[in-house]
Amino acid sequence: MATTPLSLSSVFSSKLSTTHSIFPTRRKELNRRRIIVVTSSAGGGGKPTILVAEKLGQAGIDLLRKFANVDCSYDLSLEELCTKISLCDALIVRSGTKVGRDVFESSRGRLKVVGRAGVGIDNVDLAAATEYGCLVVNAPTANTVAAAEHGIALLTAMARNVAQADASIKSGKWMRSKYVGVSLVGKTLAVLGFGKVGSEVARRARGLGMHVITHDPYAPADRARAIGVELVSFEVAISNADFISLHLPLTAATSKMLNDETFARMKRGVRIVNVARGGVIDEEALLRALDSGIVAQAALDVFTVEPPVKDNKLVLHESVTATPHLGASTMEAQEGVAIEIAEAVVGALQGELAATAVNAPMVPPEVLRELKPYVVLAEKLGRLAVQLVTGGSGVNAVKVTYASSRSPDDLDTRLLRAMVIKGIIEPISSVFINLVNSDYVAKQRGVKISEERMVLDGSPENPIEYITVCIANVESRFASALSASGEIKVEGRVKQGVPSLTKVGLFGVDVSLEGSVILCRQVDQPGMIGRVGSILGDENVNVSFMSVGRIAPGKQAVMAIGVDEQPSKETLKRIGDISAIEEFVFLKL
């Protein structure tokens with residue numbers, strides 16, 4: 001489909017909340033701040049000014065100085081940063097400087113780019129950055145090898161008790177029998193998260209003679225096979241591993257992913273390495289697992305709170321090897337990050353849009369007003385569809401169909417396509433999906449997105465009648481979500497301004513896409529709605545919508561239930577125990 005290229009001022013920021021933050025009521029401010037990057041003529045000699053607020057490798061500084069006036073001022077207080085920022089066109093930070101709304105307000109609109117020298121951008125207020133027309137870029141690739149090498153270093157040091165033995169001998173002891181280690185050859189390593197770092201760890205572990213399995217819903221199966229790695233489900237990964245290496249971003253879906261419940265399903269004596277994010281592990285649960293012997297050892301480079309308190313029991317545990325977030329701390333990685341972020345910042349100030357952009361400016365208000373409910377619908381359909389996927393094959397083929405009475409020239413669907421990609425990839429990814437990087441991120445993860453237009457007869461008053469999202473070549477957690485061709489298929493419409501789920505597989509339903517959804521396949525018989533509703537009511541779970549779609553009276557039916565709260569496991573079990581219910585699934589939106 002031919003489309004008209006959007007200008008820089010009409011690129012959409014999709015990281016912000018799709019229910020309120022991206023639709024500010026202050027229209028005058030929105031119109032005033034729509035332009036995101038311009039070449040600044042401020043500063044001496046007509047050059048822009050770049051403030052480097054934390055130490056950056058010299059190669060990066062040299063690159064910046066070829067283009068701009070560079071102010072290297074470290075350890076600034078918030079007050080000092082806010083005072084300086086009004087004289088700067090760009091700001092470069094690492095993880096130690098908080099760039100909040102007050103910084104953007106103090107810039108008075110002059111700050112055009114914030115560069116985060118590293119991967120995570122938790123310390124940057126993306127909502128404020130976008131509102132004030134400031135692009136945020138990061139440097140996600142330069143420290144890949146360094147992080148992978150540190151993961152392997154911790155793996156081997158843990159297996160052979162290197163840190164503990166070193167401390168023992170330096171204290172004057174000779175305890176060979178106490179520090180007998182375990183061999184890596186022939187052991188199974190589960191790599192959780194098969195992105196850049198995870199795949200590099202897998203390569204190196206294979207070289208050590210380990211059998212490597214991995215879990216990542218978005219990892220292409222062919223890439224795993226090429227490395228000699230088996231792609232499996234999360235359950236298979238944690239239950240079969242002798243060693244587990246974590247390479248996951250910290251998101252709502254991955255927070256405390258390793259907890260009491262998951263530790264209980266692991267092999268007794270498993271060993272765990274974490275060079276990703278501290279919050280992926282429930283640290284109190286890990287301490288209990290270490291004390292009980294479920295986890296034999298742990299090697300940790302990251303912690304929920306950094307630095308950890310001095311009397312942190314996990315750090316002091318005799319079976320834990322700990323390092324102070326050294327994953328990217330090699331001279332080569334620091335120089336690489338410096339160059340990568342310098343290039344991204346300079347490019348942004350020159351008007352280029354880098355693939356490492358993690359936000360982008362607003363679309364024009366008149367376009368956004370019309371697309372607003374469809375933007376939400378597209379993201380939630382993607383988020384719902386991917387939660388239906390199970391098995392270890394990974395998501396690699398997604399088809400999006402738009403049914404519309406408008407001509408192709410009157411409807412640019414790239415924003416909606418980006419939101420579908422956001423819904424599918426962003427929940428367990430460290431990237432932030434928007435129009436700038438959506439296709440790039442999908443390609444990097446081996447996800448092929450195709451689009452189809454279904455032309456309808458009728459009035460073009462509404463831009464879209466319905467959107468369908470199909471995921472091919474995967475297994476489904478809910479068999480009824482499969483279409484006649486074997487794809488996971490969900491369809492949605494906007495009804496009176498509210499995004500709604502209208503079809504799951506072959507079954508028509510009608511449920512608002514708010515809160516969360518329970519899908520049940522059941523034998524069509526009287527009283528089912530009352531029985532399920534009664535169970536939810538007993539547990540104080542509020543039902544917002546309930547809809548039943550069936551093939552024929554007395555045959556199979558699918559019930560879709562919208563709920564405001566997440567039901568407990570016991571509540572879901574009670575629903576599943578109803579004899580007439582053949583399968584069910586809870587989906588969080």
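Modeller: In this predicted model, the part to begin with is an open sheet of 5 strands, paired in parallel and arranged in the order 2-1-3-4-5. The edges are taken by strand 2 (69-72) and strand 5 (135-138); each has a single partner strand, so one side of each is left without a neighbour in the sheet. On average, and with direction ignored, neighbouring strands of this sheet are turned by 20° against each other.

At the edge formed by strand 5, the pairing can be followed residue by residue. Strand 4 (residues 113-116) runs parallel to strand 5 and is joined to it by 4 bridges. Within this pair, Val113 stands opposite Leu135 of strand 5.

Two helices pack on the sheet. Helix 2 (residues 58-65) touches strand 1 (49-52), strand 2 and strand 3 (90-93), and its direction makes about 145° with that of strand 2. Helix 14 (residues 331-349) touches strand 1, strand 3, strand 4 and strand 5, with a direction at about 170° to that of strand 4.

Of its 589 residues, 54% are buried. Among contacts in the chain with a separation of 6 or more, 69% are between residues 24 or more positions apart.

The largest nonpolar core comprises 52 residues, and those with the most contacts inside it are Leu388, Val395, Val398, Ile467, Leu501 and Leu519. Helix 15 (residues 365-387) gives the most to this core, contributing 9 residues. Domain 3 (364-505) and domain 4 (510-588) both supply residues, so the core lies between them. Leu388 illustrates the contacts: beyond residues up to four places away in sequence, Leu388 touches Glu475, Ser476, Arg477, Phe478, Ala481, Ile488, Val490, Val585 and Leu587. Another core lies apart from this one; it has 30 residues, including Val270, Leu287, Phe303 and Leu314.

Ile467, named above for its contacts in the largest core, belongs to strand 16, where it is buried together with Val469 and Ile471 on one side, while Tyr466, Thr468 and Cys470 are buried on the other. In a regular strand, side chains alternate between the two faces of the sheet. Strand 16 (residues 466-471) accordingly has both faces covered, with 6 of its 6 residues buried.

Thr571, Leu572 and Ile575 are buried; they cover an arc of only 95° around the axis, which puts them on the same side of helix 19. An α-helix has 3.6 residues a turn, so residues three or four places apart point the same way. Lys569, Glu570 and Lys573 are exposed on the other side of helix 19. The buried residues of helix 19 pack against strand 21 (516-523), helix 18 (528-538) and strand 24 (581-588).

Terms used. Residues numbered from 1 in each chain as written. Predicted model: local features only at pLDDT ≥ 70, side-chain atom pairs only at ≥ 80, totals over all residues. Heavy atoms only, no water. Pairing = 2+ DSSP bridges. Axes fitted to C-alpha atoms, helices over the stretch in contact; angles between N-to-C directions. Contact = heavy atoms within 4.5 Å. Core = buried A, V, L, I, M, F, W, Y, C linked by side-chain atoms within 4.5 Å. Buried < 20%, exposed > 50% of the residue type's maximum accessible area, 1.4 Å probe, protein only. Domains from an automatic or database assignment. Arc of directions from axis to C-beta.
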